[in-house]
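Hello,

Here is the structure I promised to pass on to you. Have a look at it first, and then read my notes below.

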Amino acid sequence: MSGVRVVAVVLAAVATVVGVAAFVRGAVVIVRTVRTGRPLPGRWAPVGPRLATLAREVLGHGRFQHRPVVRVAHWVVMVSFPVLVITLLTGYGQLVDPRYGLPLVGHWYPLEWAVEAFAWLGLLGIGALVVVRQRTRPRASQSEGEQRRSRFFGSNQVWAYVVEATVLLVVVAVLVLRSLEYALGVQDGAAWATAAHFPLTAWLGGAWTGAAPATLETAVVVVALVKILVSMAWFVVVGLLPTMGVAWHRFLAVVNVYARREPDGAPALGPLVPLRDAAGEPLDLTAVEDLPEDARLGVGAVEDLPWKGLLDVATCTECGRCQDQCPAWATGKPLSPKLLTLALRDHAAATAPYVRAARAAGASDEAQADPHLGVDLVGSGVVDADALWACTTCGACVQQCPVDIEHVDTIVDIRRYQTLMESAFPAELGGTFTKLERRGNPWGLPARQRLDWAKGLQFDVPVVGVDVESAAEVDWLFWVGCAGAFEDRAKRTTRAVAELLHAAGTAFAVLGDGETCTGDPARRAGNEALYQMLAAQNVETLTEAGATRVVVTCAHCFNTLSREYPAMGGRFEVVHHTQLLDRLVGEGRLRFAPGVGEDADGATVTYHDPCYLGRHNQVYAPPRELLAAAGVEVAEMPRNRETSFCCGAGGARMWMEETIGERIGTVRAAEAVATGASTIATACPFCTVMLGDGVAAHARAAGDASAPAAADGAASTGTRAPAGPDAPAAARPQVGVPEVADIAVLLLDRLDRG
């Protein structure tokens with residue numbers, strides 16, 4: 001061999017040993033860190049559905065559906081990685097013999113075509129991704145507010161550039177090598193040196209055919225060496241940086257997607273994961289006396305996370321799609337799902353070695369006294385308290401994440417520890433918890449008022465146990481909910497649904513004062529004990545009432561009754577009122593006259609998708625079909641369906657002050673007003689309240705003197721007290737200010753009573 005080849009072989013050998021060793025070391029570190037997490041049963045089976053979901057998610061890139069350019073570019077770069085690994089193997093042989101080709105498949109048409117196609121596509125793809133990053137990255141010349149609008153704010157740009165440069169250099173090296181191979185083959189008169197074997201590089205190789213054979217051979221060796229050194233340098237970098245998710249995600253994402261919460265591919269939304277003990281088994285807090293004295297409830301320290309939670313944070317690509325969609329971040333609050341994930345990732349990586357050492361030492365005094373163990377995530381500042389409690393649990397982060405990180409479950413688990421173990425929660429929640437425990441509703445009103453909404457109706461509303469013996473005697477049990485019973489704006493919805501069901505000849509009954517809160521606000525605020533108490537009480541009540549089919553008007557009640565109560569033994573057929581009304585319209589039992597009702601002729605409506613109806617439960621069509629049946633024109637907001645912007649009330653935020661940044665409901669209301677619609681239709685009482693207040697605030701800010709005042713307790717700081725029965729009635733806003741009303745109210749206005 002020539003001196004150049006000898007040097008190349010030596011350099012490649014050394015680089016390969018170092019690169020592979022570094023990479024293996026990084027992989028071992030990640031595995032050890034993930035294994036410090038708590039057990040989480042059920043994440044490996046069933047194998048078949050999980051493999052099918054994995055193939056569909058990875059090959060289909062379904063989470064990129066709203067970013068078509070990025071979807072295509074990322075897909076070709078992803079696929080080019082395993083395809084072009086073949087050229088890396090060829091490169092080692094070319095260091096010894098520039099004319100080397102892999103046995104059997106070295107000049108196999110399909111493989112050659114695939115290599116060339118994905119080399120060019122990879123070049124175009126990485127180029128497109130570089131352009132996207134450069135166009136949207138934050139710049140030092142921008143203000144912090146402007147920088148925050150970039151989804152790459154807070155991401156490690158240097159790491160991203162390393163990955164992009166590596167991909168760029170590798171695909172360029174592959175294309176140059178292919179052209180050199182063609183030129184060398186032409187000079188040798190090889191039968192495979194044709195355009196059929198080099199369909200996309202023969203034109204480039206033609207420029208080299210006049211060079212001396214020795215020159216071409218040296219060029220092949222040098223370019224092959226460069227490709228190997230670049231690849232091994234990347235191995236070294238990622239091996240030394242096991243927290244470099246932008247690189248490691250191409251390996252970890254496969255496992256993370258496979259081990260997702262829902263094997264069928266649904267996002268980790270709807271029901272929350274149960275509170276688990278140290279062995280990963282669900283905890284029953286209704287038997288709290290059976291808990292061991294040293295039980296840790298929720299996630300207080302990073303080692304309390306389940307292994308999937310640690311795999312989540314290690315997999316984060318820092319793409320910022322979650323941050324880009326987060327309503328808290330968009331309104332100036334400190335919560336970024338991405339930055340929270342990165343903080344947990346870095347803390348886990350720094351803490352894991354000490355956790356393993358302490359566990360190896362057993363129960364020794366030295367191990368138990370290690371200051372690296374049991375570090376309070378919130379108390380230590382790893383997780384900012386304001387960020388933790390800013391989350392509305394809307395699920396936009398989970399819906400957008402391309403690698404299936406389960407942000408909401410982790411946030412609520414941290415809240416559980418803070419609430420149950422530290423009693424560290426926003427002051428407003430203390431009153432809410434007390435009202436839920438004593439009165440069974442977050443307004444703290446007596447149960448005897450739960451039927452006040454029915455006063456004045458032209459028909460009697462039967463009550464189970466009073467007017468009918470069992471819910472089995474009627475078609476549906478109407479679960480009114482706390483808002484529907486106590487909040488003035490929600491009462492309009494309750495009355496409207498009752499009148500529509502009556503008009504359709506649908507028999508229904510209510511529980512009256514037998515209802516109590518489903519526990520949704522308690523659970524999402526981390527008070528799992530209170531949730532389980534309320535849920536157990538409701539499941540017992542519903543079972544004794546003989547309920548099998550339940551209709552609800554609140555999206556949060558809908559999610560809790562249908563998705564969370566089965567774990568408590570409550571299995572009922574639960575539908576949202578928009579689903580049932582849509583069914584009745586389809587059966588011809590409800591008909592509407594578009595010309596009836598205030599401003600019905602030519603009315604334009606914009607519909608706001610409630611997070612717990614839409615993203616959490618995938619109910620998008622029925623509300624829109626109802627509006628179409630009522631003859632109204634729907635003007636969609638830019639953010640709708642899966643990308644709908646939260647109203648700000650979820651995650652128990654309905655009961656907390658909003659003092660940082662803009663009010664989420666006001667931002668969403670401004671987006672709705674910008675459509676020019678005369679009415680903002682909702683399908684959740686929380687959304688009605690928040691958007692109603694938001695429209696009023698937006699109109700006042702715009703200088704509209706006719707704007708209605710927000711509910712009592714609202715202040716110029718943007719804080720808001722939940723509107724109760726003593727708040728001003730939510731009558732139709734004055735001219736120039738859009739009405740905010742549930743779809744059922746709009747339908748009742750347009751009901752054909754003939």
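This is a predicted model: local features need pLDDT of at least 70, side-chain atom pairs count only at pLDDT 80 or more, and totals for chains, interfaces and linings use all residues. Residues are numbered from 1 along each chain as its sequence is written, and side-chain values use heavy atoms, with hydrogens and water left out.

A word on terms: helices (H or I, at least four residues) and strands (E, at least two) are DSSP runs, numbered from the N terminus. Two strands pair if DSSP finds at least two bridges between them.

Let me start with an open sheet of four strands, paired in parallel in the order 2-1-3-4. Strand 2 (508-509) and strand 4 (573-576) are its edges; each has a single partner strand, so one side of each lacks a neighbour in the sheet. Strand 3 (residues 549-552) runs parallel to strand 4, and four bridges join them. Arg-549 stands opposite Glu-573 of strand 4. Helix 24 (residues 577-586) lies across strand 1 (476-479), strand 3 and strand 4, at about 85° to strand 4. Here contact means heavy atoms within 4.5 Å; axes are lines fitted to C-alpha atoms, for helices over the stretch in contact, with angles from 0 to 180 degrees between N-to-C directions.

There is also an open four-stranded sheet with the order 6-5-7-8 and parallel pairing. Its edge strands, strand 6 (633-634) and strand 8 (739-742), each pair on one side only. Strand 5 (residues 604-607) pairs with strand 6 over two bridges, and Val-605 has Val-634 as its bridge partner in strand 6. Helix 25 (residues 621-629) lies across strand 5, strand 6 and strand 7 (679-682), running at about 175° to strand 5.

Best wishes
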